[in-house]
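Colleague: I have a chain open and would like to go through it with you. Can you bring it up on your side?

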Amino acid sequence: MSSSTPVPAADMTWERNVLGSEVTRLRTDGALLTIVHGRAGDVVPAHGYSKGSVTYVVRGRIDIDGRILGAGDAGTYKAPGGFFSVKFLEDATYVVARASDDDITMPDIGERAAHNLDA
């Protein structure tokens, strides 16, 4: 017997952030998968992870600090690696896989404000 548990799309809880992007998270004891839907022009602010992550683009195109990823492309982030932001170049969906006990890291508010003067 399999210990796999299906999670139908209708059962996923989606959160909309202030920029309009939608996020849902799937968890196990050791892993966390974040699925992000965004519209062209949305920006995920500068952040990093305490243990690292893997990003995979399902559809559309995104820009991660000047590196363009399209559907089928992937990227890795090794901690500590500073901070990165994500810009949606068109409507897109990407997934981020990381350890479930990983923490999101962010620049302090002064540094964030200096880079986001309209924040």
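Colleague: Is Asp65 buried, exposed or partly exposed?

Modeller: Asp65 is partly exposed, because its relative accessible area is 46% and the class between buried (under 20%) and exposed (over 50%) is called partly exposed, with a 1.4 Å probe and protein chains only. A caution first: this is a predicted model, in which local features need pLDDT of at least 70 and side-chain atom pairs count only at pLDDT 80 or more, while totals for chains, interfaces and linings use all residues. Residues are numbered from 1 along each chain as its sequence is written, and side-chain values use heavy atoms, with hydrogens and water left out.

Colleague: Where does Asp65 lie, and what is its phi?

Modeller: Asp65 lies in the loop between E6 and E7. Its phi is positive, about 50°, although Asp65 is not a glycine.

Colleague: How many helices and strands are there in the chain?

Modeller: The chain has one helix and 11 strands. Along the sequence the pattern reads β-β-β-β-β-β-β-β-β-β-β-α.

Colleague: And what share of the residues count as buried?

Modeller: 30% of the 119 residues. On contacts (heavy atoms within 4.5 Å), residues 24 or more positions apart account for 61% of those with a separation of 6 or more.

Colleague: Now pockets. Which residues line the second largest pocket?

Modeller: Asp65 is one of them, and the others are Ser53, Thr55, Ile64, Arg67, Leu69, Ala74, Gly75, Thr76, Tyr77 and Phe84. The elements that give two or more residues to this lining are strand E5 (53–59), strand E7 (67–70) and strand E8 (74–77). E8 has the largest share, four residues.

Colleague: What counts as a pocket there?

Modeller: On a 1 Å grid over the protein atoms alone, a pocket is an open set of points where a 1.4 Å probe fits, with protein on both sides within 12 Å along at least five of seven lines; lining residues have an atom within 4 Å of a point.

Colleague: How much space lies in the second largest pocket, and how does the lining divide?

Modeller: About 240 Å³, where the volume is the space filled by probe spheres set on the points, joined across faces, edges and corners. The lining has five nonpolar, four polar and two charged residues. Nonpolar covers Ala, Val, Leu, Ile, Met, Phe, Trp, Tyr, Cys and Pro, charged covers Asp, Glu, Lys and Arg, and the others, Gly among them, are polar.

Colleague: Which residues have the most contacts inside the largest nonpolar core?

Modeller: Ile62, Ile64, Phe84, Val86, Phe88 and Tyr94, in a core of 15 residues. E4, strand E6 (61–64), strand E9 (84–88) and strand E10 (92–99) each supply at least two residues of this core. A nonpolar core is a set of buried Ala, Val, Leu, Ile, Met, Phe, Trp, Tyr and Cys residues joined through side-chain atoms within 4.5 Å.

Colleague: E4, then. Is His47 buried or exposed?

Modeller: His47, in strand E4 (residues 43–49), counts as buried because its relative accessibility is 8%. Its side chain reaches the backbone oxygen of Pro45 at 2.8 Å. The side chain of His47 also makes a polar contact with the side chain of Tyr49 at 3.4 Å.

Colleague: What is a polar contact here?

Modeller: A pair of N or O atoms within 3.5 Å; within protein, one must be able to donate a hydrogen and the other to accept it, and residues adjacent in sequence count only if both atoms are side-chain atoms.

Colleague: Beyond four places in sequence, what is His47 in contact with?

Modeller: Gly82, Phe83, Phe84, Ile104, Thr105 and Met106. Met106 is in the loop between E11 and helix H1 (109–115).

Colleague: What does the side chain of Asp102 reach?

Modeller: The backbone nitrogen of Lys51, at 2.6 Å. A polar contact of 2.6 Å also joins the side chains of Asp102 and Ser50. Asp102 is in the loop between E10 and strand E11 (104–105), and with a relative accessible area of 6% it is buried.

Colleague: Last one: which residues does the cis peptide bond join?

Modeller: Ala79 and Pro80, with omega about -10°. Pro80 is in the loop between E8 and E9.
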